[in-house]
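Hi everyone, thanks for making time.

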Amino acid sequence: MLHSGSLPVGRAMFYIATAAVVWGTGGVVAAVLHSTSGLDPLTVSFWRFLCGTVALALAWPLLRSPNTPSLIERLKSGLWRLTVTGAGMAVYQAAYFASANVAGVAVATTVTLGSGPVLVALGARLWMAERLGRRRILVIVVALTGLAMLVLGGGSTVRSSLPGVGLALLSAVGYAGTTLLSQVIGAEEGGEDPVGNALIGFATGSVCLLPFALALGLLPERGAPVTVGALLVYLGLFPSALAYGLFFTGLRTVPATTASIITLVEPLAATAIAVWLLGERLTVLTLLGGAVLLATVVALATSSRDRTDEAG
């Protein structure tokens, strides 16, 4: 169950990897929404967060443990951290979509997912006293190399843009802050209510994004309403409610730096989806980059299980 605080390391890593794969579908769906409906990336992010809030609100009573405090009690005890987490989620998603529109998906993916693990590692070291060690530093370097190979091997023209790079860096900062804060909150609460944390985060993110969505237009300018609505609901249910619930659950067990490396499988999933649905062709460099990323995740899983067995 998602509210379990004693999750095995292997299962926690599987949850995070699954969340990253599902996130990989979100970028494709958001791009389709923007091109077919005319909705601004900030508006797409708002509807995504609102749908995610509704889904999590319906699921939370069924998944919470009997001794879990109410959401009101949770807010009273840690309002600022929970709301900052929600704001960070909104910044991360909205800035990434905006960067992809301004500078292209290649630049947005490279800068956001490439700098994210580094920012998380530095934040975990400075803020949470999390030891990096030579092995983890090496894993970060290898993972970033695989990511660069995956993105640059796609054959897309990288459109350099300072505003786009700035938005991608802002997205990476939001992702790093969200990851670190979520782990701190989970550690203090004993990992009992990740779904509740995600619910509060999504509700806060919806409030943060609402003024921008109102200013830019809430409703689509074109496209079939049923299709647009179905895509928005998908974004809210799967890459949002489900993925973040799994991610926050995994963070109860997996260190923040390790989790940030595992989520690098997101561009791998996005590439696979592009090949399957959009007919894009893979290059040798893309295949090698994907293999390097997968090998990194497998190495992390193996080493984490070995340390768990030794500790036991």
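Let me begin with a term: a salt bridge here is a side-chain nitrogen of Lys or Arg within 4 Å of a carboxyl oxygen of Asp or Glu. Before I use it, a word on what we are looking at. This is a predicted model, so local features need pLDDT of at least 70 and side-chain atom pairs count only at pLDDT 80 or more, while totals for chains, interfaces and linings use all residues. Residues are numbered from 1 along each chain as its sequence is written, and side-chain values use heavy atoms, with hydrogens and water left out.

So, how many salt bridges does the structure hold? The count is 1. The partners are E221 and R222, and their closest N and O atoms are 3.9 Å apart. R222, at 42%, is partly exposed.

Now the overall picture. Helices (H or I, at least four residues) and strands (E, at least two) are DSSP runs, numbered from the N terminus. The protein chain has 11 helices and 0 strands. The chain counts 312 residues, and 51% of them are buried. By contact I mean heavy atoms within 4.5 Å. Take the contacts between residues at least 6 apart in sequence: 91% of those join residues at least 24 apart.

Let's go to helix 1, residues 9-37. The expected span of a helix is 1.5 Å times one less than its number of residues. Helix 1 has 29 residues and reaches 42 Å from first C-alpha to last, close to the 42 Å expected. After helix 1 comes G38, with a positive phi near 80°.

Next, please find E266, which sits in helix 10, residues 265-278. Is E266 buried or exposed? With 12% relative accessibility, E266 counts as buried. Which residues does E266 contact, leaving aside neighbours within four places in sequence? They are A20, W23, G24, Y92 and L113. The C-alpha atoms of E266 and A17 are separated by 8.2 Å, although the two residues are 249 apart along the chain.

Not counting residues up to four places away, S45 touches Q93, A94, F97 and L209. T43 is also found in helix 2, and T43 is buried at 0% relative accessibility. With the sequence neighbours up to four places away set aside, T43 touches A213, L216, G217 and L218.

On to the aromatics. Rings of Phe, Tyr and Trp (its six-membered ring) pair if their centres lie within 6.5 Å; planes under 30 degrees apart count as stacked, over 60 as edge-to-face, and the rest as tilted. That rule gives 9 aromatic pairs. Why is the pair of F247 and F248 called tilted? Their ring centres are 6.1 Å apart and the planes meet at 45°, so the pair is tilted. F247 is buried at 1% relative accessibility, and F248 is buried at 1% as well. Ring pairs also join W23, F49, F202, Y244, F247 and F248 into a cluster. You'll remember W23 as one of the contacts of E266.

Last stop, the surface. Patches are made of residues with over 30% relative accessible area and no salt bridge; like charges are joined within 9 Å, and nonpolar side chains (Val, Leu, Ile, Met, Phe, Trp, Tyr) within 5 Å. V118, L122, L126 and W127 make a nonpolar surface patch of about 440 Å². W127 lies in helix 4, residues 105-127, and is partly exposed at 48% relative accessibility.

Technical notes. Buried < 20%, exposed > 50% of the residue type's maximum accessible area, 1.4 Å probe, protein only. Areas by Shrake-Rupley, 256 points an atom, 1.4 Å probe, with all protein chains shown as cover.
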